[in-house]
Amino acid sequence: GSEARGPLPTAALLMAASTAGLDDFRLLRRLAGEEAVYVARPGRGSSEVEPPLDPGEAFLLSRLDRPTRVEQLLQQSDQPRVEVLRRLCRLLAVGLILPAEGAPAREEASVASPELLKTFASRIAESLEREPLELDEDEHRGQLRELIRRLAEMNHYELLGVDVTATPDEIHDAYLELARRVHPSHAESIGLTGREAAMGLLFERATVAYLTLSDSERARVYLAQLGDEVGGPTRGPSAEVRSEEQRELARRNFRMARTMAEREEYHFAIELLNQAVRTDPQAEYYTLLGECQMRNPNWVSKAVDSYERAVELDPESAELQVALGRALELAGNLSRARSRYRQALDLEPAHPGALEASQRLRRGSARASRPSRPGAVRRFLSWLLG
């Protein structure tokens, strides 16, 4: 049947996995709240690899031809609230809808469609078969980690390692060298099996950079957007454009990190999140960073730091207060944990997690303060001596 052909099953699985086990609160947080604005991806329906949609998803997609707030979609749909949120998350997971403020991301998506990326990946794979990459395994792995760490802060020229005056041949050679290094087919040989997603992100960004800079008109527009930063002509508020570009890169890193965390690829998720919070500190970025760090007992203190930053950015969230309390508990700081649970209850008196944790810590404190009963020998001596 059609379900056995091409990447359709992968997209369908990604849609299903994107909402598995999430309640109303977490679904809404994944969408960045009811005030978040989304729009349908330009050019949808032109690809044969898009997943099939159920009637509810198709309805929501039809309402997003224009930028629309999540709140409005909830009001317009006769579906249960949690189902609307779940379907929106599913559409977001496969890129059928995008944050409305992410215009640069939509433009880049049109530059490098999934089909075009697949073609480039196949060509690079053939190149590697003809001429394998000669690079030390440790050095190769270190280069990839450094690229991931700096990905959000690099423009297309910096990523390819070329000057703004580079010729088409120089841009082509630089892309070929970079793409051969970051191609996901290297994952197994350098000990990164299961982490192809991170390398796929690098390959995608490298290809977008190449397709942008190798086209004279696209390169002209891109250079104008960068403005003074790379010595190009200043047209309009280049600093604002650059700032928005950085925020969009941080959002993209966050989305990729979320996918990696769901696949339990925590190391690369943390790399991407560290870059995201350096570029654009957001409570949800720090929250996911803390969740990933909590997976390793040696990183609990780092998780505490991440949750503390999240709370600073969103002090009215009872959920974040509870998350910080749990991290403090694992770090052995029970007094501070109690304080966080109390603050959570001040914000949301019926919060189940805060109630359970507070009661549990009170019971533990009572047991610790209760005097121990004397042993049999001490009881006998006490009786004997009157």
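Reader: Which residues does leucine 160 contact, leaving aside its neighbours within four places in sequence?

Author: They are Ile171, Ala174, Tyr175, Leu178, Ala206, Ala209, Tyr210 and Leu213. Contact means heavy atoms within 4.5 Å. This is a predicted model, where local features need pLDDT of at least 70, side-chain atom pairs count only at pLDDT 80 or more, and totals for chains, interfaces and linings use all residues. Residues are numbered from 1 along each chain as its sequence is written, and side-chain values use heavy atoms, without hydrogens and water.

Reader: What makes a set of residues a nonpolar core?

Author: Its members are buried Ala, Val, Leu, Ile, Met, Phe, Trp, Tyr and Cys residues, joined through side-chain atoms within 4.5 Å. The largest such core has 74 residues, and Leu160, Tyr175 and Cys292 touch the most other members. Helix α11 (residues 196-213) gives the largest share, ten residues. A second, separate core holds 23 residues, including Leu22, Leu61, Leu85 and Ile97.

Reader: Why is leucine 211 called buried?

Author: Buried means under 20% relative accessible area, exposed over 50%, and partly exposed in between, with a 1.4 Å probe and protein chains only. Leucine 211 has 11% relative accessibility, so leucine 211 counts as buried. Leucine 211 sits in helix α11. Its C-alpha atom is 9.7 Å from that of isoleucine 171, 40 residues away along the chain. Across the 386 residues of the protein, 44% count as buried.

Reader: How do you know that the length of helix α10 agrees with its residue count?

Author: The expected span is 1.5 Å times one less than the number of residues. Helix α10 has 15 residues (168-182), so the span should be 21 Å; the end C-alpha atoms are 21 Å apart, which agrees. Buried residues in α10 are Ile171, Ala174, Tyr175, Leu178, Ala179, Arg180 and Val182.

Reader: What counts as a helix or a strand here?

Author: Both are DSSP runs, numbered from the N terminus: helices are H or I with at least four residues, strands are E with at least two. The protein has 20 helices and three strands.

Reader: Where is the pLDDT below 50?

Author: pLDDT is the predictor's confidence in each residue, from 0 to 100. The protein's mean is 79, and 79% of its residues reach 70 or more. Residues 45-49 fall below 50, with five contacts beyond near neighbours in sequence. Residues 102-107 also fall below 50, with nine such contacts. Where pLDDT is low, the predicted coordinates should not be read in detail.
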